[in-house]
Amino acid sequence: MGDKFDGGATGENIFQRMCGAVCSSICGVIMIPICMGLVFWNENNLVINEATANLVQDAKVYSSCLPSPDANGDLVLVACDLYAPDIAGDLPSTLSPFLPHFSGASLSWSMEIYQWTEDEHEECHKTNSGGKSCRKTYSYDTEWTTSPVNSNDFRHPWGHDNGNTDFPHNLESSGSVDAPPLSVVMSQHGTPDGGFVLDSNLVSYLPTVDLGYDLKSSAPPSNSSDEWQGAGSLTPQMLHKYQGYLQTAYGSPQIGDLRIRITGQMSDEATACGVQQRIRGASSDYTFVPLPPKKFGWFGKKTKPLERLQAEKVTQDEFIDQYHAENQGLAWVIRIVSLILMTVAFNMVLSPLSVAADGLMVLNYCTCGLGSVLDGAAQCIIGTAAFLLALVLTTITIAVAWFTARPAASLLSVAVVLGVYVVFVKTQKKSARGMPYVSMSA
């Protein structure tokens, strides 16, 4: 449990708040077209990504991992085992004793240091005059951080001193080592030859796994000092494995202690799609290159270059389905984020109304909380209005983007809707003519 200190109170009257609200409203007006542009780009990008995924249907599917010279220059789909060289020996000398072997595309490490940190928190409430009263608090706690923290900048540094602790000077706080170019190979039985060499783009699709539990518990002993002093040079003997990390702490960490996470990039098998190309000077004679963009649609849109890998063996249909699922997932994430940003933007635009509504708080001076009730209702209405405006504008933008990106499908949808409407109207008219006349006279 950390320490907490009072940082004092501040306040603003309603006129100061209104000035800030006007500035916020201007920013909101600028933010709305930016959000619309993001929505528009997302829908067009989805169409391009989906068209690119559909190109995989035209790929020649290999039944084995043996390249065919006849397919050189063709779009192919291959599912094979993977081979990669052992790159554990390329790790810095401080880390290599803990990982004797690793066959993969890359190895990475990241270091954290145990430090005091400061957290500033401000809690505000409205006043009956329409203003705002705030109080700051400063909290201090110890945690693992990705960089040293200068405790001299703390509001209350006493008792929360990080001293001169720092990362070691002989090991970067983060880094990586990669397999040599054209050394990761897809082949029949995971051998280094007779298959397809992966370029850097396809290698980037390989998953990253935590190697913490594959590490050795400790390094061989030496005659040097085996205790980390919070700064200086770090030796392997100062580290040991604990909960998936290499740590300098034995038991509870102290200020300046280090922990290091090691990850590797590799998979035992993969499925790749790209244009087969013959190469020279590598362990295998063939590789993949991207399929150039292809035109599609009415307005001359182009697909993206097609070269893709999935870190498992899948069929052609499964490869395409996963490609589509990834495209749809990304599009929906951006849609939701765009709607949230649009709602925030409209809240900013309406912020002067929100501040003005806080003037209702003055009724609390002569009523039993009626001003707070009315202000709460007004804020609810303003917030709902902002969301509805954002929802409507986002929907309209998506519709316009859909029409420009999918003109044929959009026109067909409009024709279907109009057709249904015409049939409905005619049916209602016929029903009205067929109803018997009923006199209301006695």
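S173 sits in the loop between strand 5 (132–145) and strand 6 (174–178). Strands here are DSSP runs of E with at least two residues, helices are runs of H or I with at least four, and both are numbered from the N terminus. Because its relative accessibility is 26%, S173 counts as partly exposed; buried means under 20% relative accessible area, exposed means over 50%, and partly exposed is in between, using a 1.4 Å probe and protein chains only. Leaving out residues up to four places away in sequence, S173 touches W109, S110, M111 and F167, where contact means heavy atoms within 4.5 Å.

Before we go on, a word on the model. It is predicted, so to speak of local features requires pLDDT of at least 70 and side-chain atom pairs count only at pLDDT 80 or more, while totals for chains, interfaces and linings use all residues. Residues are numbered from 1 along each chain as its sequence is written, and side-chain values use heavy atoms, with hydrogens and water left out.

**Other loop residues**

G159 also has its place in the loop between strand 5 and strand 6. From G159 to K126 the C-alpha distance is 35 Å, and the two are 33 residues apart in sequence.

T303 belongs to the loop between strand 16 (301–302) and strand 17 (308–310). Its contacts, not counting residues up to four places away in sequence, are I48, A51, T52, L55, P293, K294 and F296.

Two further loop residues deserve a look at their backbone. Most residues other than glycine have a negative phi. L182, in the loop between strand 6 and strand 7 (185–187), has a positive phi near 60 degrees. Q243, in the loop between strand 10 (240–242) and strand 11 (245–247), has a positive phi near 50 degrees.

| Residue | Relative accessibility | Class |
|---|---|---|
| G159 | 48% | partly exposed |
| T303 | 5% | buried |
| L182 | 37% | partly exposed |
| Q243 | 54% | exposed |

**How the helices pack**

Axes are lines fitted to C-alpha atoms, for helices over the stretch in contact, and angles run from 0 to 180 degrees between N-to-C directions. Angles under 35 degrees count as roughly parallel, over 145 as roughly antiparallel, 65 to 115 as roughly perpendicular, and the rest as oblique.

Helix 1 (residues 14–54) packs with helix 3 at about 170 degrees, and their axes are 8 Å apart. The two helices are therefore roughly antiparallel to each other. Their contact divides into 24 nonpolar, 11 polar and 3 charged residues. In this scheme Ala, Val, Leu, Ile, Met, Phe, Trp, Tyr, Cys and Pro count as nonpolar, Asp, Glu, Lys and Arg as charged, and the others, Gly among them, as polar.

Helix 3 (residues 316–349) and helix 5 (residues 370–405) pack at an angle of about 135 degrees, again with axes 8 Å apart. That makes helix 3 oblique to helix 5. The crossing of helix 3 with helix 5 is right-handed; a crossing has this hand if the near helix is turned clockwise from the far one by less than a right angle, and is left-handed if anticlockwise. Residues of helix 3 in this contact include R335, L339 and F346, which meet a set in helix 5 including G383, F387 and W402. By class, this contact has 10 nonpolar, 4 polar and 1 charged residues.

Helix 1 and helix 5 have axes that come within 9 Å and cross at roughly 40 degrees. These helices are therefore oblique to each other, and helix 1 passes helix 5 in a right-handed crossing. Among the residues making the contact are I32, M36 and E43 of helix 1 and L393, T397 and W402 of helix 5. The classes in this contact are 11 nonpolar, 4 polar and 1 charged.

**Aromatic rings**

How many aromatic pairs does a search of the whole structure find? There are 5. Rings of Phe, Tyr and Trp (its six-membered ring) pair if their centres lie within 6.5 Å; planes under 30 degrees apart count as stacked, over 60 as edge-to-face and the rest as tilted. The rings of Y62 and F196 have centres 5.7 Å apart and planes at 65 degrees, so this pair is edge-to-face. Both residues, Y62 and F196, are buried. One aromatic cluster is formed by F5, Y140 and F154.
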